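Subject: Structure handover

Hello,

Here is the structure I said I would pass on. My notes on what was found in it follow below.

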Amino acid sequence: MVALTDPDLLFPPEAHSRSLARDLYAGIKDLPIVSPHGHTDPRWYALNEPFPDPAQLLIVPDHYIFRMLFSQGVRLEDLGVASLDGAPVETDGRTIWRRFAEHYYLFRGTPTRLWFDHVLAHLFGIEEPLDATTADRHYDTIATVLQWENFRPRALFERFNIEVIATTEGALDDLEWHKMIRDSGWEGRVVTAYRPDAVVDPDFEGFSANLDRLGEITGCDTGSWAGYLDAHRQRRAFFKSFGATSSDHGHPTAETANLSDAAAQELFNRIRRGSQDERERKLFRAQMLTEMAKMSRDDGLVLQIHPGSWRNHSPSVFQRFGRDKGFDIPTRTDYVTALKPLLDCVGLERDLTVILFTLDESSYARELAPLAGVYPALKLGPAWWFHDSPEGMRRFREMTTETAGFYNTVGFNDDTRAFPSIPARHDVARRVDCAFLARLVAEHRLREDEAHELARELAHTLAKKAYRL
Amino acid sequence: MVALTDPDLLFPPEAHSRSLARDLYAGIKDLPIVSPHGHTDPRWYALNEPFPDPAQLLIVPDHYIFRMLFSQGVRLEDLGVASLDGAPVETDGRTIWRRFAEHYYLFRGTPTRLWFDHVLAHLFGIEEPLDATTADRHYDTIATVLQWENFRPRALFERFNIEVIATTEGALDDLEWHKMIRDSGWEGRVVTAYRPDAVVDPDFEGFSANLDRLGEITGCDTGSWAGYLDAHRQRRAFFKSFGATSSDHGHPTAETANLSDAAAQELFNRIRRGSQDERERKLFRAQMLTEMAKMSRDDGLVLQIHPGSWRNHSPSVFQRFGRDKGFDIPTRTDYVTALKPLLDCVGLERDLTVILFTLDESSYARELAPLAGVYPALKLGPAWWFHDSPEGMRRFREMTTETAGFYNTVGFNDDTRAFPSIPARHDVARRVDCAFLARLVAEHRLREDEAHELARELAHTLAKKAYRL
Amino acid sequence: MVALTDPDLLFPPEAHSRSLARDLYAGIKDLPIVSPHGHTDPRWYALNEPFPDPAQLLIVPDHYIFRMLFSQGVRLEDLGVASLDGAPVETDGRTIWRRFAEHYYLFRGTPTRLWFDHVLAHLFGIEEPLDATTADRHYDTIATVLQWENFRPRALFERFNIEVIATTEGALDDLEWHKMIRDSGWEGRVVTAYRPDAVVDPDFEGFSANLDRLGEITGCDTGSWAGYLDAHRQRRAFFKSFGATSSDHGHPTAETANLSDAAAQELFNRIRRGSQDERERKLFRAQMLTEMAKMSRDDGLVLQIHPGSWRNHSPSVFQRFGRDKGFDIPTRTDYVTALKPLLDCVGLERDLTVILFTLDESSYARELAPLAGVYPALKLGPAWWFHDSPEGMRRFREMTTETAGFYNTVGFNDDTRAFPSIPARHDVARRVDCAFLARLVAEHRLREDEAHELARELAHTLAKKAYRL
């Protein structure tokens with residue numbers, strides 16, 4: 001009875017396939033981590049301070065964890081999630097940790113369980129399963145080592161063998177932590193990514209003020225369409241100067257538009273004056289995806305489209321606790337109609353890279369693989385968010401490979417805020433891909449030498465190439 | 001060449017996984033049956049009379065069976081399905097049985113085949129395959145034993161090791177059979193469930209008269225919104241007095257609404273006067289789901305939502321043979337938008353249980369698991385109807401577990417009118433779950449001791465807990 | 001390191017299942033090929049001339065191939081795809097072949113790879129993998145044998161063991177090649193199929209002129225609804241005289257209508273006068289599916305519905321290169337609502353066969369299997385186009401069999417223009433079906449004798465029966 005860290009984790013049970021998977025994995029398990037899309041805090045790498053207590057590090061910020069406990073009746077307050085009105089919440093790390101440990105059985109069969117067991121075993125040397133009886137002992141172990149020098153962010157970055165990691169910052173961010181990292185002389189490669197939702201989505205909180213601020217920062221006239229676009233160009237260049245190779249766009253849908261310049265200008269004017277017409281606001285978001293794609297054509301930033309999440313589905317939880325509290329729910333997402341205006345404009349460009357993600361797996365084989373399998377500008381992002389899991393990643397390969405091939409995909413994104421879990425997430429992805437390749441070889445659909453080459457591409461090279469890192 | 005009743009039925013072929021599945025199954029195969037949702041006739045348990053001839057028991061009422069034969073050109077009349085206009089249909093059980101036997105090969109690869117072989121072998125001791133050449137012999141065997149005392153309903157109930165079974169009755173039902181069961185002193189536990197479709201759906205045949213009748217039964221003024229709601233409360237209490245722990249709702253969609261009391265009252269008045277406005281009738285159904293959820297919050301009945309079936313798709317068959325003739329076809333079903341009004345109202349309640357079912361598997365990973373994985377009030381019903389099958393149940397686990405976990409699911413529902421097939425259906429479900437758990441263990445994604453614990457939960461405990469039985 | 005032509009190709013790795021699959025396959029691998037739906041050129045069989053150079057035969061006409069290369073930045077011009085404006089494109093077969101060979105690794109994991117390796121090995125005796133270093137050698141080998149007598153179309157037809165093949169011709173086609181085949185005395189059985197898109201779809205290029213031409217050919221007044229329908233009846237009879245047993249319909253959606261005769265007549269008149277009302281044009285297409293079904297009821301032609309492709313998604317590629325250039329993208333497709341008018345009209349007919357195809361796999365278990373599992377007129381076509389692949393065919397069986405059974409499916413369609421790949425495509429389909437059946441047997445869900453019988457049905461008999469060949 002130990003943690004789920006068997007050397008054969010996630011490999012197929014049949015002996016020959018397992019042996020193939022082991023061989024493939026042996027060839028790639030020590031490759032450095034390329035993390036081209038994620039949400040770790042650049043402040044960690046800048047200040048290099050010790051991480052806080054085990055609960056604040058591993059439980060409180062992880063929406064995968066607290067959403068599951070909440071679904072089974074545990075209150076967010078009791079897990080230390082801060083309320084917006086400042087009402088008191090649990091602050092004792094040990095108490096939060098115990099609550100989590102008592103409910104750890106809920107995660108059986110989930111990727112969170114695999115990641116967490118991996119972190120306990122490989123980072124903290126804890127093989128004994130976590131439950132109510134072991135909670136305190138494990139808490140103490142973790143709390144102790146978190147004070148050690150070699151558990152500070154930069155040391156972990158190096159121990160994790162991270163070749164490069166991208167964080168994500170809003171368009172108005174001053175990138176001060178990135179500047180501090182650069183100025184520090186530390187050699188870890190941390191780059192930013194341009195996330196302009198707050199200044200392209202009229203529904204974003206404070207949109208109008210955000211545009212004013214964008215004007216101040218850039219010296220551009222964000223009261224005019226031309227000035228507004230120039231401001232984006234400036235910010236993109238600024239982000240590029242801090243290593244950015246991509247932009248990221250979390251629109252509710254994949255809808256795009258390609259208005260004439262005159263029509264776009266007029267739309268911008270109405271939006272800038274605060275139009276409350278939902279269709280106009282939607283159309284503006286749609287137009288801005290195409291504008292971003294055109295800028296990408298010019299400046300080389302890779303464009304990532306992450307659509308299809310209904311954010312903050314529970315207004316009550318949103319009011320009490322704010323964004324990112326586990327209440328973002330996937331919705332049915334169309335790509336074939338939605339992307340057509342953008343694709344008509346720039347889809348045939350061979351030097352542009354647009355990476356598509358989805359939360360609607362029914363689009364893999366029906367829409368995304370056929371689109372990425374023909375448009376030069378399109379590539380498929382990996383299985384995302386709820387689907388970033390063994391079964392989800394397996395379905396992704398099974399439903400996209402036959403039409404798009406492997407080479408129209410872009411490797412793995414860990415997409416996480418949970419820094420300690422990064423090696424676990426890449427390890428799970430590498431294992432699942434090796435298992436998939438092993439099956440192809442065992443079924444004689446791929447030669448073994450090809451599988452070895454592909455294992456390296458999926459674990460390392462494709463991400464570097466697609467993200468230009 | 002024997003019936004499909006191998007001890008390793010449905011277990012994975014690979015030796016180690018198979019051995020794990022066997023061990024898991026050995027630990028749970030004799031657990032009593034909890035059947036929290038089904039459609040057996042309480043009259044059987046009340047009167048305890050012998051079942052009719054083999055065809056009337058096993059063929060004529062089973063829409064899985066006659067729909068398949070109909071699809072291949074066999075007329076419903078020739079299978080003994082009664083026509084509404086009283087036109088003559090086949091009544092000779094042996095003739096019907098022979099027609100079925102000649103076409104039994106059509107069921108290869110279907111769950112009906114597994115259930116039927118299981119019933120033949122385990123209930124009637126028939127191992128020799130059913131076909132045209134053996135039809136008569138098997139008919140005679142079954143016809144004989146059906147006359148025996150130990151093949152009467154209560155004896156079978158006990159032999160099947162049924163701990164508790166729920167039937168389903170309409171809101172206007174007097175529950176006389178349930179009363180007779182209770183008064184009989186027999187110890188079998190048979191409970192009812194509240195199914196108010198006929199008095200909440202304005203499109204139901206005789207809706208207006210049904211509401212009049214509801215008023216008579218309860219003494220409430222079902223001409224007023226308040227009185228109508230009170231009448232529901234009374235009937236729910238009456239059903240609870242006969243053991244009901246749940247209500248069940250078969251709406252065409254999952255749409256819900258949460259109108260102000262004034263607006264709901266006004267809507268009710270228009271509906272009560274016979275509004276023919278389709279939107280109003282739809283809105284009323286939507287509002288009533290939320291009303292039922294609020295009553296559930298108060299009286300503790302578990303709310304089951306079974307949406308997404310286009311009933312009676314062929315008007316010609318409906319006119320000649322009526323409802324439930326195999327022509328109910330699944331449709332694409334949205335949950336994220338549809339359920340929001342209900343969830344905004346009661347979704348965070350920790351003492352309420354709403355169980356969601358679907359006929360649209362594309363919603364498992366995209367909508368249902370993410371919703372049930374965060375809202376305390378929501379749980380996922382098992383793979384349902386067309387998906388209540390080995391592949392269907394496997395897809396259910398593969399597509400829901402990683403986001404919702406096992407503990408936001410509620411065990412198995414046999415959902416059947418076919419009493420003799422109940423052990424077969426639970427056996428198939430238990431085997432599929434053991435096979436799934438064995439795979440997780442074989443891939444080192446779950447410890448073996450955890451799998452044993454989960455096997456018991458899925459086979460027995462979760463249903464009891466979720467349905468409060 | 002050899003081509004992917006292992007005798008166990010596509011069989012499950014586990015030893016017992018593999019052995020079962022081998023036995024099943026051994027029993028059916030030499031059955032003749034029935035190809036009831038495809039797009040080979042009847043001119044080949046009529047003239048029996050040598051095929052052109054390797055590139056013109058195997059690369060240039062294959063949209064699976066050039067779409068993948070295009071997606072990775074290779075220009076269509078450089079692959080010899082003719083441009084509409086006559087701008088020069090690569091014409092040197094060897095150069096095109098080299099470009100393909102250099103990019104052959106892109107097809108890893110795709111069905112194209114399996115088909116191509118099969119053709120190289122089994123038709124041309126080439127076992128050495130294709131890549132940049134072997135390109136020239138393989139080109140020479142193929143170019144040489146293509147000049148041989150025994151590599152001409154009729155010789156290959158016989159070597160491929162084709163029992164019967166259907167081509168597809170437009171309604172206005174004079175079937176001259178079919179006449180030449182018939183008159184030649186050659187015994188190969190090549191039949192046509194009636195594809196009237198150009199005269200039933202108002203959006204088809206030259207629709208009005210097409211109807212004029214239809215009138216000329218038939219002597220019917222295609223200015224009137226009655227005459228137009230008569231013209232169809234005549235052409236169908238003409239096609240039947242050249243062996244046609246089916247018609248084929250590639251509408252954008254599965255929408256059908258069943259207007260009164262008066263309303264249909266009036267709609268026709270508006271369409272004939274060139275109505276630009278999109279709803280009317282759509283309604284006309286919908287009505288014509290039902291008209292074709294009614295004619296099928298009368299003349300026995302099997303009706304095939306192939307909906308759900310957004311043709312020519314890139315206007316730029318369409319303008320430069322025309323139709324069928326890899327830019328047809330699947331879309332979400334509804335059947336339950338769309339087919340209802342047709343089904344209400346003829347769905348219960350036991351002598352009519354309507355075969356449904358889909359590009360939207362989410363409809364398999366939700367809509368198509370439930371419909372085909374009850375309506376006598378409906379059957380399911382095999383996994384189609386992007387889904388005509390090992391994983392796609394496996395999903396088809398897993399998602400349709402439990403509700404529709406095997407006997408409401410119609411065997412395999414190769415659907416190809418790529419004549420040399422026909423044996424490869426049937427071989428892949430047979431292997432995937434044997435692997436599926438082997439799994440059912442290994443899991444004790446099917447007896448071995450039944451699996452052998454089914455393997456024959458799926459490989460040969462069902463197609464002959466369903467297509468009346």
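Two residues are in contact when heavy atoms of theirs lie within 4.5 Å of each other; the comparison of interfaces below rests on that. Please keep in mind that this is a predicted model.

How the copies are arranged

Chain B can be superposed on chain A by a rotation of 120 degrees, with 0.0 Å of shift along the axis and an RMSD of 0.0 Å. The two copies are therefore related as by a three-fold rotation axis. Which surfaces do the copies use to meet? Of the interface residues of chain B, only 7% are also interface residues in chain A, so the copies meet through different surfaces.

Chain A by itself

Chain A contains 20 helices and 11 strands. Its radius of gyration is 23 Å, close to the 23 Å given by the globule rule for 469 residues, so chain A is as compact as a globular protein of that length. The C-alpha trace of chain A spans about 65 × 60 × 45 Å along its principal axes.

As for the interior, 65% of the 469 residues of chain A count as buried. Among contacts in chain A with a separation of 6 or more, 76% come from residues 24 or more positions apart.

Regards

Technical notes. Residues numbered from 1 in each chain as written. Chains lettered and ligands numbered in written order. Predicted model: local features only at pLDDT ≥ 70, side-chain atom pairs only at ≥ 80, totals over all residues. Heavy atoms only, no water. Helix = DSSP H or I, 4+ residues; strand = E, 2+ residues; numbered from the N terminus. Rg over C-alpha atoms; globule rule 2.2 N^0.38 Å. Buried < 20%, exposed > 50% of the residue type's maximum accessible area, 1.4 Å probe, protein only. Least-squares fit on C-alpha atoms with pLDDT ≥ 70 in both.
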